[in-house]
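Visitor: Could you take me on a close look at one buried part of this model and show me what surrounds it? I would like the cut-offs along the way.

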Amino acid sequence: MKTIFKIVTVLFLVGCHGTQIRTNESLKLPLSQEFKSYWFDGTAEISSFSLIQSRYGSPRDGMAVLIFVTEDFLPDRQVKANQKSQKTQTVLKLNRTKNFNTGIYPYSIMNSSFGRLGQYNPLVKITTSIQEWCGQSYLQLNRRSGLNITSHSYFEGEADQKLEIQDALTEDELWHWVRTHPDQLPQGSLKILPAFEFLRLYHKPIQLYTAIATLDSNSDYNMYHLEYPELNRKLSLIFEKKAPYQIVGWEEHDLNNPQNTTRAKRIKKIKLPYWKLNRLGDETFRDSLGLN
């Protein structure tokens with residue numbers, strides 16, 4: 001285990017200085033029996049959050065949900081498999097949703113990210129959609145030889161883009177590292193792709209940015225921080241110190257204007273096979289999450 005940790009650390013440090021990160025299929029990160037018992041029980045972990053979303057310079061009340069679930073994934077097509085086979089890989093999927101209103105009209109944001117379990121450089125795919133009454137945006141990243149990105153937006157200058165970026169860390173995959181191997185979270189100066197949600201909401205170019213990553217803790221929780229000097233933005237993920245390292249909240253700070261801060265605080269966490277709970281009467285599970 002010590003040897004693996006040293007190798008992974010070296011590879012992350014190489015990546016921090018902009019060298020292409022390559023998937024090493026021979027390098028595995030072990031999954032404990034405790035991890036397998038929690039994540040392979042046939043349910044999803046669903047956490048609800050009260051949300052204060054900064055938008056147009058004002059705080060907006062809303063709700064956020066994190067849904068973590070393991071599933072079988074086809075690595076070539078990079079989609080969910082209908083059934084497990086010798087061709088499939090096991091991934092941890094995170095669906096992250098936000099809903100809030102800006103005046104008369106609502107926003108609905110959903111981000112999905114997929115990370116292979118037990119492997120270094122796990123991320124394989126990210127999708128993000130943003131809907132509001134003015135229009136909608138959709139972005140998809142597939143990690144193959146590099147980061148292959150397709151973007152569609154109703155804004156002039158952002159519509160119908162295809163981009164290829166050198167392989168690098170992404171902000172979204174670090175939400176997975178928090179849950180699987182928080183001791184491997186990279187620190188120091190990183191070249192990283194910020195969250196698609198942020199890039200589209202604030203109309204920033206889709207490219208790698210420099211971020212300073214730090215990990216600290218208080219008496220109750222660990223906190224992982226990403227600060228982007230060029231974007232004047234700081235993201236903080238707050239999570240429990242013990243496995244399964246549940247995320248209890250997060251903050252996004254505008255470093256130019258501290259009043260423009262987004263905060264999410266956990267309300268409730270439950271484990272359920274939500275895909276089976278679609279009948280009349282199953283709305284009561286939303287009540288248990290505080291979503292109604």
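Guide: Trp250 is buried, with a relative accessible area of 2%; buried means under 20% relative accessible area, exposed over 50%, and partly exposed in between, with a 1.4 Å probe and protein chains only. This is a predicted model, in which local features need pLDDT of at least 70, side-chain atom pairs count only at pLDDT 80 or more, and totals for chains, interfaces and linings use all residues. Residues are numbered from 1 along each chain as its sequence is written, and side-chain values use heavy atoms, leaving out hydrogens and water.

Let's stay with the ring of Trp250 for a moment. The whole structure holds 11 aromatic pairs, where rings of Phe, Tyr and Trp (its six-membered ring) pair if their centres lie within 6.5 Å. In one of them, the rings of Phe49 and Trp250 have centres 4.9 Å apart and planes at 55°, so the pair is tilted; planes under 30 degrees apart count as stacked, over 60 as edge-to-face and the rest as tilted. This pair links distant parts of the chain, since Phe49 is in strand E1 (residues 44–55) and Trp250 in strand E15 (residues 247–254), 201 residues apart. Helices (H or I, at least four residues) and strands (E, at least two) are DSSP runs, numbered from the N terminus. Phe49 is buried too, at a relative accessible area of 0%.

Now step back to the core. Trp250 is, with Leu193, Phe196 and Leu226, among those with the most contacts inside the largest nonpolar core, which has 53 residues. Such a core is a set of buried Ala, Val, Leu, Ile, Met, Phe, Trp, Tyr and Cys residues joined through side-chain atoms within 4.5 Å. Apart from this core lies another, of 9 residues, including Ala44, Ile46, Val65 and Leu289. Contact means heavy atoms within 4.5 Å, and, leaving aside residues up to four places away in sequence, Leu226 touches Glu171 and Leu174, among others.

Those two partners take us to helix H3 (residues 171–180). All the way from Glu171 to Thr180, the residues of H3 are buried: 10 of the 10, so the helix is largely enclosed by the rest of the structure. Arg179 is in H3 and is buried, with a relative accessible area of 1%. What does the side chain of Arg179 reach at 2.9 Å? It reaches the backbone oxygen of Pro244, while a polar contact of 2.7 Å joins the side chain of Arg179 to that of Glu45. A polar contact is a pair of N or O atoms within 3.5 Å; within protein, one must be able to donate a hydrogen and the other to accept it, and residues adjacent in sequence count only if both atoms are side-chain atoms. Not counting residues up to four places away in sequence, Arg179 also touches Phe35, Tyr38, Trp39 and Phe68, among others, and these four form one aromatic cluster.

For contrast, Arg77 sits in the loop between strand E2 (58–74) and strand E3 (79–80) and is exposed, at 65% relative accessible area. From Leu193, Arg77 is 116 residues away in sequence and 23 Å away in space, C-alpha to C-alpha.

Finally, a word on confidence: pLDDT is the predictor's confidence in each residue, from 0 to 100. The chain has a mean pLDDT of 89, and 91% of its residues reach 70 or more. Over residues 1–26 the pLDDT is below 50, and this stretch has 43 contacts in the model beyond near neighbours in sequence.
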